[in-house]
Amino acid sequence: MNEEGKRSPKELGTEKIGTLLMRYAIPAVISMLAASAYNIVDRSFLGQFVGPLALAGLAVTFPIMNLSAAFGAMIGAGGSTLLSIKLGQRDYGTAERVMGNIVSLNVVVGFVFAVLALVFIDEILYFFGASEATLPYAKTYMVIIIYGNIITHLTHGLANVLRVVGHPNKAMISVLFGVCVNLLFDYIFIYICGWGIAGAAYATLLSQTLGTIYLIWCLCNKNDRIHLHSGIYALKQRIVKNILAIGISPFCIQVCACLVVVLINRGLKEHGGDMAIGAYGIVNSITFMFIMIVMGITQGMQPIAGYNYGAQQYARVTEVLKKASIYATIVMTFSFILCEFFPHLCVLVFTNDAETQQLAIEGMRIIVLMSPLVGFQVVVGNFFQSIGMAKKSIFLSMSRQMLFLIPLLLILPHYYGTVGVWASITASDGISIIVAAVMLWMFYKKGAFATAKNDIGV
Amino acid sequence: MEKYVITIGRELGSGGKAIGEIIAKELNIPIYDSYLIDMAAKESGFNPELFKKADEKPGKGLGAAMIRTVASPFSALSNYYDSSVSNESLFQVQTDIILKKAAAESCIIVGRCGDYILRNHPNHLRIFIRADYDDRVKFVCEHDGVTPAKARQIIDKNDNQRSEYHNFYSETNWGDSRAYDICVNSSLLGLEGTAEFLLNFARKYLKIQ
């Protein structure tokens, strides 16, 4: 197996924490920034050149994309875990079959999902918050994307496989390449050809197709011990079962995330109309970007915290937690200042429509109220994960994104309309920040570090 | 003389470990079982608590993967799936240690998917030891000082755990005769008798003087 991108774990226990965190976090942050930059530019093309209704139409399709991504995550998480186990065993024959099964599963699931989605497209979109006005946009976009659903699944799934088999850089190139090509086609199809929202869909599809071709080409390289070839694609019961066993949890989480977006969309449609949904699309893009940067920082933190916890260097664990929290807070405070005091600047990128702008600004100003502390919440959640306390971590992640959010979304909009929708997100952030702080306080108070002595005895 | 390795899969309460110990003593070779956990912990400098948690429990319901999935829909962009203290990496540490032990000397490995991990070892005998259910209950009662009802509970839970673990990490089913060279019911000959029988078998097959 190629060792590209892997560092010796020893440095995790000795190198200065600040240096380590920088070294591990910066690549992740850059990747995350690229992903959200793409997200923003893609949407701003639609908002600027097609109009605010197109933005709303696009926002209506988010839950379907989430749902499709849920299936992708199921195969992706299960497949890559299984694949890395087999690679660790140097059981290359089985590893290749796992890889082949990942491809087949993606094709099968992608196909079934596409058929179901196409048959019920109108019902689904109406349920997710489309109106007479936005349906044409949403439908045009969605139908094209769904025809390419298998490609979408393959491009995400294979990039993941490529990373696991030892080519993280090539995997990253494929994604960055896809982003650039997508934006280029956005420009050509939307601005030059004037194809509207269909142009955005074709741009996405085309860039994913090119990305998939590149990925397959990389994975067919016969010089790699693990590569795609005939005879590995037949679905094997054991492999499929194991993939699903691991993948079911990320799947459920994604489905819940989808449910949350549906609730937000429906709440906004009922109380604020289509433009409010479009506004949510904008606000979502902006806040997403900053959360993604924080995610990048936590990804840098995880191996450092995990290793040092395992090696019982608890002072270093605390130090990396502190540093990551501080960096995350700085980033989120910056987002707070930007959105609270210069909201026009942020919104201007997406649309010139006065109504949408105003709605987006109103929403953004409410949503970011808690954001300086949200970074801390995310860091703590990931911290628990990196030291092997998965349950605490899941709880914290769910607390912010659904546990408190769903009931709030069911109640507040009835009394406060759109403001209620925005405020639900803020309130959920606030409560989950307190929960995270309490859990961290208890973790330290219980002296979790002190009791975990080097006490061997079974 | 060429090095050999004997791996023993066993049901809880079948006396598999005790039988392994008798064989190890007769052959004058070391035997590694749950003790492996400590060994792994010490050698890698890792906290043994973490190993106990992952001990023969498969890595499913992996919270790690869950959260990372929520975190980012752009899976390829992130370091997603290799969390630092996951059950998978613990299995990897155990694998490395089992391979190292088997390469260094002749030995017996009990449990931990040794049959699969050492599948490429040229001189490898794979044994599976089971026992009648009632005998297992009796064994667990005496061993752990629990009531028969409690023992049954322990046994059923353990059967589930071991087969899940084995079926997840290896390519064969736990206790399936096709995964082993010899499967034996220790109820028939008892611990001493089974050990003697297996010892003869091992001596003949592995050509041990």
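User: Let's start with contacts. What share of the contacts in chain B with a separation of 6 or more comes from residues 24 or more positions apart?

Analyst: Keep in mind that this is a predicted model. In chain B, 72% of the contacts with a separation of 6 or more are between residues 24 or more positions apart. As for burial, 50% of the 209 residues of chain B count as buried.

User: How many helices and strands does chain B have, and in what order do they run?

Analyst: You'll find nine helices and five strands in chain B. Start at the N terminus and read along: β-α-β-α-α-α-α-β-α-β-α-α-β-α.

User: How do I read the sheet, then? Which strand sits where in chain B?

Analyst: First the general idea: strands of a sheet pair through backbone hydrogen bonds, either parallel or antiparallel. Here the five strands of chain B form an open sheet in the order E2-E3-E1-E4-E5, with parallel pairing. E2 (31-32) and E5 of chain B stand at the edges with a single partner strand each, so one side of each has no neighbour in the sheet.

User: Which strands does E1(B) pair with, and over how many bridges?

Analyst: E1(B) is joined to E3(B) by four bridges, and the two run parallel. If you want a pair to look for, B:Val5 has B:Cys107 as its bridge partner in E3(B). E1(B) also pairs with E4(B), in the parallel sense, over six bridges. There, B:Arg10 stands opposite B:Ile129 of E4(B). Moving along the sheet, E4 (residues 124-130) of chain B is joined to E5(B) by four bridges, again running parallel, and B:Arg130 has B:Asn185 as its bridge partner in E5(B).

User: And the side chains of E1(B): which residues point which way?

Analyst: In a regular strand the side chains alternate between the two faces of the sheet. In E1(B), B:Val5, B:Thr7 and B:Gly9 point one way, while B:Ile6, B:Ile8 and B:Arg10 point the other way. Six of the six residues of E1(B) are buried, so the strand is largely enclosed by the rest of the structure.

User: Which helices lie across these strands?

Analyst: Two to look for are H1 and H9 of chain B. H1 (residues 16-27) of chain B lies across E1 (5-10), E2, E3 (107-110) and E4 of chain B, and runs at about 175 degrees to E3(B). H9 (residues 186-206) of chain B lies across E1, E4 and E5 of chain B, at about 160 degrees to E5(B).

User: What about helices packing on each other? At what angle do H3 and H11 of chain A pack?

Analyst: H3 (residues 52-88) and H11 (residues 274-310) of chain A pack at about 70 degrees, and their axes are 7 Å apart. That angle makes H3(A) roughly perpendicular to H11(A). On the H3(A) side, the residues making the contact include A:Pro52, A:Leu55 and A:Ala59, and on the H11(A) side they include A:Met275, A:Ile277 and A:Tyr280. Sorted by class, this contact has 11 nonpolar, two polar and one charged residues.

User: Now backbone angles. Which residues in chain B have a positive phi without being glycine?

Analyst: The background is that most residues other than glycine have a negative phi. B:Cys113 is one with a positive value, near 60 degrees, and B:Lys207 is another, at about 55 degrees.

User: Where are they, and are they buried or exposed?

Analyst: B:Cys113 lies in the loop between E3 and H6 (114-117) of chain B. It counts as buried because it has 27 C-beta neighbours inside 10 Å. B:Lys207 is found in the segment after H9 of chain B, and with 11 other C-beta atoms within 10 Å it is exposed.

Notes: Residues are numbered from 1 along each chain as its sequence is written. Chains are lettered from A and ligands numbered from 1 in the order in which they are written. This is a predicted model: local features need pLDDT of at least 70, side-chain atom pairs count only at pLDDT 80 or more; totals for chains, interfaces and linings use all residues. A residue is buried if 20 or more other C-beta atoms lie within 10 Å of its own, exposed if 12 or fewer, and partly exposed in between; C-beta atoms are placed from the backbone. Two residues are in contact if their C-beta atoms, placed from the backbone, lie within 7 Å. Axes are lines fitted to C-alpha atoms, for helices over the stretch in contact, and angles run from 0 to 180 degrees between N-to-C directions. Angles under 35 degrees count as roughly parallel, over 145 as roughly antiparallel, 65 to 115 as roughly perpendicular and the rest as oblique. Ala, Val, Leu, Ile, Met, Phe, Trp, Tyr, Cys and Pro count as nonpolar, Asp, Glu, Lys and Arg as charged, and the others, Gly among them, as polar. Two strands pair if DSSP finds at least two bridges between them.
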